[in-house]
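Welcome! Here is a friendly briefing on a few helices and the residues in them. Please keep the picture open as you read.

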Amino acid sequence: MNNIAQFCQKCRAANDPQASNCSDCGTPLMIVTFPKSLRHQEEITPSYYEDHLLERISVLEFRLAQLAEQLAMGYELISRQAKSAEEDHLMLRTFYESLEEIKPELSELFAREFSDVYLGKKKALETENRERKIFDETIAAHGRPNVELFTHLVKEGIALLNNGEEKQAFKMLERAILLSPKNAPLHLFTGERLFHSGEVKRALSLLDNAYKISPQNTKTLVLLGTIYAETRETEKARKFLSVLVGNPATSVCANYVWGMLAALEGSWQEALIAFRQASCETESAEFHYLLGCTEFELGEFQKALLFLEKAVALDTGFADASFMQSVIYEKTGELKLAKLCRETAFETKETGAVCLRFIDSKKNGKLPEYALPF
């Protein structure tokens with residue numbers, strides 16, 4: 001038993017198996033070198049290999065003890081922060097409740113300001129994450145030649161776009177495309193931004209290239225279907241949209257564009273089917289409004305009113321939906337209801353509402369020849 005030792009996990013000094021603390025550094029010895037039932041059997045002598053394993057186990061045990069201590073410190077820190085956040089939340093809640101009792105309008109103003117700040121920060125973070133993802137995908141799709149120059153051009157192009165310097169930005173991005181002509185993410189990103197800037201022809205050229213390089217990219221298909229629908233190239237638009245309508249991730253957008261395309265052609269039954277399929281995927285005031293307007297064009301006024309009522313119920317400030325209700329009521333001779341809906345539409349004063357061009361606060365105003373979205 002003389003060569004049996006318990007190794008210290010700190011200084012690794014050999015100690016008597018019965019010792020509870022290291023004789024050199026005083027550290028508590030935390031391992032049992034062999035079972036208690038064997039401690040009085042002198043014929044059992046561990047080998048050198050066992051001693052080596054015990055030393056390694058002692059070090060591992062020490063590392064685990066350190067990790068447990070760090071986890072305990074982390075838990076304590078998180079607990080303090082959670083408690084502090086809870087106290088801050090309680091203080092703000094008390095402040096708002098007091099403010100609401102004293103001056104309700106000021107409370108609403110504060111709440112709106114905080115909400116705007118939060119939404120602004122959230123939107124900025126989402127934009128930053130999206131741009132970082134696009135940048136990473138673009139760099140990853142580039143080959144070896146001129147990597148540093150290509151990276152610089154893409155980074156500068158994105159920065160210029162964020163600063164509103166679109167002309168210079170597109171020059172940078174087009175130079176990057178010359179260095180990486182098979183880069184689908186770069187063609188897609190540049191084409192999309194050109195489309196949003198009103199450069200439809202240049203956008204189409206780049207998006208067609210992106211489609212040839214990566215024909216399965218759903219974002220490319222959505223953009224091409226939308227642009228061709230907008231330029232009224234119906235066959236090309238339907239070619240791309242037909243691939244998207246069966247995809248749950250893109251069916252709403254694809255059916256919306258398909259419905260508007262059919263409406264432009266006067267195919268109201270086709271438009272109705274497309275809008276109905278889109279509305280099955282999402283509960284939206286906009287789609288109920290479009291369904292109501294399509295039924296209006298088909299002459300189904302009662303069905304149209306049901307959809308428009310759903311739209312107004314989902315969005316009480318939907319001025320165009322209220323206005324279309326007034327148009328139908330006027331056509332069916334229910335003038336009091338028509339006047340009420342017309343006044344409701346005017347009072348909402350929704351920014352960008354199409355109906356504003358037909359509404360006069362003093363007179364009834366003229367009726368539109370078609371439903372407002374068409």
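Predicted model: local features only at pLDDT ≥ 70, side-chain atom pairs only at ≥ 80, totals over all residues.

Residues are numbered from 1 along each chain as its sequence is written, and side-chain values use heavy atoms, leaving out hydrogens and water.

**Helix α11**
- Helices here are DSSP runs (H or I, at least four residues), numbered from the N terminus.
- Helix α11 covers residues 285-297, and its 13 residues should span 18 Å at 1.5 Å a residue, which agrees with the 19 Å between its end C-alpha atoms. The expected span is 1.5 Å times one less than the number of residues.
- Eleven of the 13 residues of α11 are buried, so the helix is largely enclosed by the rest of the structure. Buried means under 20% relative accessible area, exposed means over 50%, and partly exposed is in between (1.4 Å probe, protein chains only).
- Among the buried residues of α11 are Phe287, Tyr289, Leu291 and Phe296.
- The buried residues of α11 pack against α9 (251-264), α10 (268-281), α12 (301-314) and α13 (319-331), where contact means heavy atoms within 4.5 Å.
- At the start of α11, serine 284 brings a side-chain oxygen to within 3.1 Å of the backbone nitrogen of glutamate 286.
- Just after α11 comes glycine 299, with a positive phi of about 85°.

**Helix α3**
- Helix α3 (residues 147-162) has 16 residues that should span 22 Å at 1.5 Å a residue, and this agrees with its end C-alpha atoms being 23 Å apart.
- The buried residues in α3 include Phe150, Val154, Ile158 and Leu161.
- An α-helix has 3.6 residues a turn, so residues three or four places apart point the same way.
- Glycine 164 follows α3 and has a positive phi, near 85°.

**Arginine 238: buried or exposed?**
- Arginine 238 sits in helix α8 (residues 234-244) and is buried, because its relative accessible area is 19%.
- Leaving aside residues up to four places away in sequence, arginine 238 touches Trp258, Leu261, Ala262, Glu265 and Glu270.

- Leucine 60, in helix α1 (residues 48-102), counts as exposed because its relative accessibility is 51%.
- Leucine 306, in helix α12, counts as exposed at 53% relative accessibility.
- Leucine 306 is 19 residues from glutamine 325 in sequence, and their C-alpha atoms are 9.6 Å apart in space.

Note on methods. Helix = DSSP H or I, 4+ residues; strand = E, 2+ residues; numbered from the N terminus. Polar contact = N/O pair within 3.5 Å; in protein donor to acceptor, adjacent residues only side chain to side chain.
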